[in-house]
Amino acid sequence: MELRQQCLEAFRLSDPDAKADAVLALPASALADVGAQLAHDGPPGRPARPPLVAPQSVPHRSPFTLEGHCALMHAIAHIEFNAINLALDAVWRFADMPQDYYRDWLRVAQEEARHFRMVRNHLRELGHDYGDFPAHDGLWTLCEATRHSAAARMALVPRTLEARGLDANPIIQAKLRKVGSPHALAAVAILDVILAEEVGHVAIGNRWYHWLCIRDGLDPMGYYREAARQYRAPAPRPPFNVAARRQAGFSDAELAALASAGSP
């Protein structure tokens, strides 16, 4: 089976372990049928749990309690599970891109699958599992909104939603270090791995966003502002991890705009 079709089949799987297995089994050197027009109606395959609620309805718990720690790590597991689907969607949905585009997003999907596994195993060691706490569907909402535009997808998912993770990760790690328990410090080590690889994922988003802007004759900063308004992307909130964003390929002009006007 051809790579993009295989990614669509993995995208449709509901069982998290089966999805991760399918993604990790895909050969990194596989070639994509760039011209294939593939279709899927509705959201990706996902388990019946966790229950999905409005973002403001997700309960906040203190990381200083074991239950609160598990709720925090469950939220991260949910982000990583969604990120598998986001990367798979980038592969199967958008035709007529270079082979390197499909290889890049397959790599992202595989790294997200490993991140999900790491966090899920951490939860299991603490007596919980993915699905034990409510979660929200904000990540998928923006992915669905940009399904007709590769440029909008690259602008708003990796460069906005995933870039927010670069900002949030050090803040979460600081809280966990303050807790200082063995399970908190184990979580810090997991987040070290995630942060290092997420810089690469945002860099891939930047690479293909700018490639698409050149191909389609778009001004990168102007189109970003237009797409953010059109698709109601969440505004970035400080503090910003400027070093990680710069490493991921944001230009000085983009970082200055981020600081002054709240948009990268």
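The chain has ten helices and zero strands; helices (H or I, at least four residues) and strands (E, at least two) are DSSP runs, numbered from the N terminus. Along the sequence the pattern reads α-α-α-α-α-α-α-α-α-α. This is a predicted model, in which local features need pLDDT of at least 70, side-chain atom pairs count only at pLDDT 80 or more, and totals for chains, interfaces and linings use all residues. Residues are numbered from 1 along each chain as its sequence is written, and side-chain values use heavy atoms, with hydrogens and water left out.

**Overall shape and surface**

- The radius of gyration of the chain is 18 Å, which agrees with the value near 18 Å for a compact globule of 264 residues. This radius is taken over C-alpha atoms, and the globule rule is 2.2 Å times the number of residues to the power 0.38.
- Along the principal axes, the C-alpha atoms fill a box of roughly 50 × 45 × 30 Å.
- Of the 264 residues, 50% are buried (buried means under 20% relative accessible area, exposed over 50%, partly exposed in between, with a 1.4 Å probe and protein chains only).
- The chain exposes about 11500 Å², and carbon and sulfur atoms supply 56% of this area. Accessible areas come from the Shrake-Rupley method with a 1.4 Å probe; for residues, only the protein chains shown count as cover.
- Among contacts in the chain with a separation of 6 or more, 81% are between residues 24 or more positions apart. Contact means heavy atoms within 4.5 Å.
- There are 28 positive and 30 negative charges, and their mean positions are 5 Å apart. Lys and Arg count as positive and Asp and Glu as negative, while His and the chain ends are not counted. The place of a charge is NZ of Lys, CZ of Arg, CG of Asp or CD of Glu.

**Helix α3**

- Helix α3 covers residues 66-93, which is 28 residues. From its first C-alpha to its last it reaches 40 Å, close to the 40 Å expected at 1.5 Å a residue; the expected span is 1.5 Å times one less than the number of residues.
- In α3, 23 of the 28 residues are buried, so the helix is largely enclosed by the rest of the structure.
- Alanine 77 is in helix α3 and is buried, with a relative accessible area of 0%. Leaving aside neighbours within four places in sequence, alanine 77 is in contact with Phe116, Val119, Leu123 and Tyr130.
- Alanine 77 and alanine 135 are 58 residues apart in sequence, and their C-alpha atoms are 10.0 Å apart in space.
- Asparagine 85 is also in helix α3, and asparagine 85 is buried at a relative accessible area of 1%. Beyond neighbours within four places in sequence, its contacts are Phe11, Lys19, Pro44, Gly45 and Trp140.

**Backbone features in the loops**

- Arginine 49 and proline 50 are joined by a cis peptide bond with omega about 15 degrees. Proline 50 is in the loop between α2 (16-24) and α3.
- The peptide bond from proline 238 to proline 239 is also cis, with omega near 5 degrees. Proline 239 lies in the loop between α8 (220-230) and α9 (242-247).
- Arginine 232 is in the loop between α8 and α9. Arginine 232 is not a glycine, yet has a positive phi of about 55 degrees, and this residue is exposed, with a relative accessible area of 76%.
- Aspartate 96 is in the loop between α3 and α4 (99-125). Aspartate 96 has a positive phi of about 60 degrees although it is not a glycine.
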